[in-house]
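Please consult the sequence and the model while reading.

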Amino acid sequence: MANTLTGKHILLGISGGIAAYKSAVLCRELIKRGADVRVVMTPSATRFITPLTLQALSGHPVQHDLFDAEAEHGMGHIDLARWAELILVAPATAQAITRLVHGQADDLLCATVLASSAPLCVAPAMNRGMWDNPATRDNIAVLHERQVHVLGPAEGDQACGEHGPGRMLEPEQLAEQVELLFADAVLQGVKVVVTAGPTWEAIDPVRGLSNRSSGKMGYAVAQAASRAGADCILISGPTRLTCPQGVTRINVSSARDMAEAVQAEMNDCDIFIAVAAVADYRPVTPQDEKIKKDSEYLNLELVRNPDILASVASGEPRPYTVGFAAETRNLETYARQKLVSKQIDLIAANPVAGENSAFDSDDNELLLIDKASTLQLPRASKPVLAHQLIKEIAKRYGSR
Ligand SMILES: Cc1cc2nc3c(=O)[nH]c(=O)nc-3n(C[C@H](O)[C@H](O)[C@H](O)COP(=O)(O)O)c2cc1C
């Protein structure tokens, strides 16, 4: 994906969090992909990393003082606001997010954002307590409502010694996300239905059968489809993920719920992408009351669930149909068998064995198989793979 940002004007805003040291690498990542990067910092950010570092990396003077007459005489904040094709605030502190939400303009970065009509991305970075605080949660909800692209945060070890959500995404991941925002509208006006996540097959009111699917791949595919201009419906089993911007989500629980929701969307569906890990079997008689552990053995009788993918592929009208295959072995052979037996157009096979398992991972690899070709999409983050997959689907859909 080299040079996908060629000539794009990206304004990198840096606020005063400990992750500011990573903004230097982010600046380089964006430039490596061809972007023209200008940097604006909050006064607090200059306490964490020097403007000189960012000036040397971006090749442009770095501004941080709203009242710097000399800087305003050059490319002032209104000119910067007009120049930017995209603004990325990374890291975005809890404080900077609050100011952005309230439209405050008392520092150069927030004043520039307020004056700009460019798409805004923020990469939150803060201690997990700050991230979980209702004040921050409310602010983030407002950003979502305003179609601001909230990138991350990631979960993991934090500089303060705690562990949890609030880490800034890595510079490479942020650069990848920015690339996706400039992606071509290859599915403009096309209706795409995506299924994602696991299903839940009740045994009794508190227990059930499910699987290890996190929904991340399906959500990434829905997001990529929407960014490619599609009218995207996401039919999701139980996950803890946030619905991507621009996507309409329908929540379901069991395989039968999912089958019903899918059928209801098939009339005008152009492309169907089945990413969900649908349970093959469900208990024959789920109990109304919690089962007591009175006996040593408990037999569960299971019955086959409807095959959503096969029924879409054999239905009328029939969309361009894409299936996912998750296999622990013989990936290509089993995937090819599935392509033929279910009569689908394209299959994306991913390995789910060992340490490279796609389940609940942030990255994945895909083997795309159709009647005419086999294409390997090498290991990458799920949003990047989803973007590549959507491009491949659009190519094949367009030449049907
Ligand atoms: C050592 C140190 C690290 C900090 N790290 C963060 C951080 O990661 N995220 C955050 O939201 N605030 C962090 N803060 C607090 C911010 O620096 C503070 O809220 C500041 O007012 C942010 O200003 P700005 O948003 O204008 O850049 C940190 C403060 C200190 C002293």
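Why is strand S11 (residues 231-236) largely enclosed by the rest of the structure? Of its 6 residues, 5 are buried, so strand S11 is largely enclosed. A residue is buried if 20 or more other C-beta atoms lie within 10 Å of its own, exposed if 12 or fewer, and partly exposed in between, with C-beta atoms placed from the backbone. The model is predicted: local features need pLDDT of at least 70 and side-chain atom pairs count only at pLDDT 80 or more, whereas totals for chains, interfaces and linings use all residues. Residues are numbered from 1 along each chain as its sequence is written.

**Strand pairing**

Helices (H or I, at least four residues) and strands (E, at least two) are DSSP runs, numbered from the N terminus. Two strands pair if DSSP finds at least two bridges between them.

| Strand | Partner | Bridges |
|---|---|---|
| S8 (residues 191-196) | S11 | 6 bridges |
| S11 | S12 (residues 248-251) | 4 bridges |
| S3 (residues 86-92) | S4 (residues 120-124) | 4 bridges |

Ser236 of S11 is the bridge partner of Ala196, and the bridge partner of Ser236 in S12 is Asn251.

**The open sheet**

An open sheet of 5 strands, with parallel pairing, runs in the order S2-S1-S3-S4-S5. Strand S2 (36-41) and strand S5 (149-150) stand at its edges with a single partner strand each, so one side of each has no neighbour in the sheet. Helix H1 (residues 23-32) packs on the sheet and touches strand S1 (9-14), S2 and S3; the direction of H1 makes about 175° with that of S1. Helix H9 (residues 171-181) also packs on the sheet, touching S1, S3, S4 and S5, and its direction makes about 155° with that of S3. Contact requires C-beta atoms, placed from the backbone, within 7 Å. Axes are lines fitted to C-alpha atoms, for helices over the stretch in contact, and angles run from 0 to 180 degrees between N-to-C directions.

**Nonpolar cores**

A nonpolar core is a set of buried Ala, Val, Leu, Ile, Met, Phe, Trp, Tyr and Cys residues joined through C-beta atoms within 7 Å. The largest has 63 residues, and Val192, Val194, Val221, Ala225 and Ile390 have the most contacts inside it. Helix H14 (residues 382-398) supplies the largest share of this core, 8 residues. Apart from this core lies another, of 50 residues, among them Ile10, Ile87, Val113 and Leu120.

Conventions: Two residues are in contact if their C-beta atoms, placed from the backbone, lie within 7 Å.
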